[in-house]
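Q: I'm new to this and would like a close look at just one part of a protein. Please start with the whole thing and then zoom in.

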Amino acid sequence: MLHTDLLPRDTPVRLIDEHGTAVADEHYAVPDPETLMRAYRGLIEGRRINDQAGALVRQGRLAVYPSSHGQEACQVGASMAIADTDWMFPTYRDSVAVIGRGVDPADALVLLKGDWHSGYDTRAHRVSPQTTPLATQLLHAVGFAQAAKHRGEDTVVLALCGDGATSEGDFHEAMNFAAVFHVPVVFFVQNNEFAISVPLSRQTAAPSLAHKAIGYGMPGQRVDGNDVAAVLAVLGEAVDRARAGGGPSLVEAHTYRMQAHTNADDDTRYRERDEVQAWMARDPLVRLRAYLDGIGALDDETERQFAAGAETIAAAMRAALNTDTDLDPEDLFRFVTETRSPQLEEQWTLLRGEIERGRLETAETASTATGGPR
């Protein structure tokens, strides 16, 4: 492969513009209507999941929710681009992609409720736990891909991250290891322009994040992250390349985080409303709807069915999260290692004692308040 073949395009790949018009491309083709209808349903469900999760945060049923509102094309494209035998390593903002892999929405949100480390069976769904620390999942993804390669498995690993993760050392280590050992992994960077409040211009001086790929000896490509057709085409090519033994790739999706970093963030402190408004015109859902309307693939009845399906998911989320969970404090120690060490046993004994003393003090206070024995 020539070094120039590793470089991304000067402008992101786009197959459907913001008006819903097909854009001719000499290399990539627009996916077939059936695939795009599946993607459209995923976009509708993803938007509803984001909106419902935001409401649950405001109601106190979720501790936090990093919304992917506006980034749903990346989320849906990621879940659709890999096979059932492949693995996904997501971030905290990738709940829609996780649900797209078949994880029950309520289980996907358990981590963000604060009840459990991961609420779903990672092996059953081939999705690793969502990670909050930036870029740590990339090293896990590369190691998993290397192991699959040694075992001779037909497995491609899709490693998701945001633009902020590219400033972490783990990103460099994962990229370098993947390239040197030629492992079947695709790095999918969702560049939504901000790492919390830090703009992309303060993170890199490179022409694009995809240009970083050539430094490691792997191909990089840029894609319009609000065009689900282009995301599917570009990611699909990278996945096929990895599966055929071509090694790792880096795909950078240019998108935008329409809402605050999380419910704890005030994004008005670091970006202008006019900027956010400008990106609203590039909404991935509106774009694909216009295209499907234009080719006669979408009708009112199908639209209603998709909306009803999304509402069913939202109702299930409300029902699942409007219940209180009975937590077992010993779970903090139960699953750290297969056999509990003396140090962990000592810590659990101390915590158990604190809990028992707290219960006794509560009982004594209640008894005193009701005139019971002192």
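How big is the accessible surface of the protein chain, and what share of it belongs to carbon and sulfur atoms? After that, please walk me through helix H9.

A: A quick heads-up: this is a predicted model, where local features need pLDDT of at least 70 and side-chain atom pairs count only at pLDDT 80 or more, while totals for chains, interfaces and linings use all residues. Residues are numbered from 1 along each chain as its sequence is written, and side-chain values use heavy atoms, leaving out hydrogens and water.

The protein chain's accessible surface (Shrake-Rupley method, 1.4 Å probe) is about 18,000 Å², and 52% of that belongs to carbon and sulfur atoms.

Now for H9, which covers residues 228-243. Its 16 residues reach 22 Å from first C-alpha to last, close to the expected 22 Å (1.5 Å times one less than the number of residues). Because 12 of those 16 residues are buried, H9 is largely enclosed by the rest of the structure. Among the buried ones are Val 228, Leu 232, Leu 235, Gly 236 and Ala 242.

The two ends are worth a peek too. At the start, a side-chain oxygen of Asp 227 comes to within 3.1 Å of the backbone nitrogen of Ala 229. That's a polar contact: N or O atoms within 3.5 Å, one able to donate a hydrogen and the other to accept it, with residues adjacent in sequence counting only if both atoms are side-chain atoms. Just past the helix, Gly 245 has a positive phi of about 95 degrees.

Technical notes
Helices (H or I, at least four residues) and strands (E, at least two) are DSSP runs, numbered from the N terminus. Buried means under 20% relative accessible area, exposed over 50%, partly exposed in between (1.4 Å probe, protein chains only).
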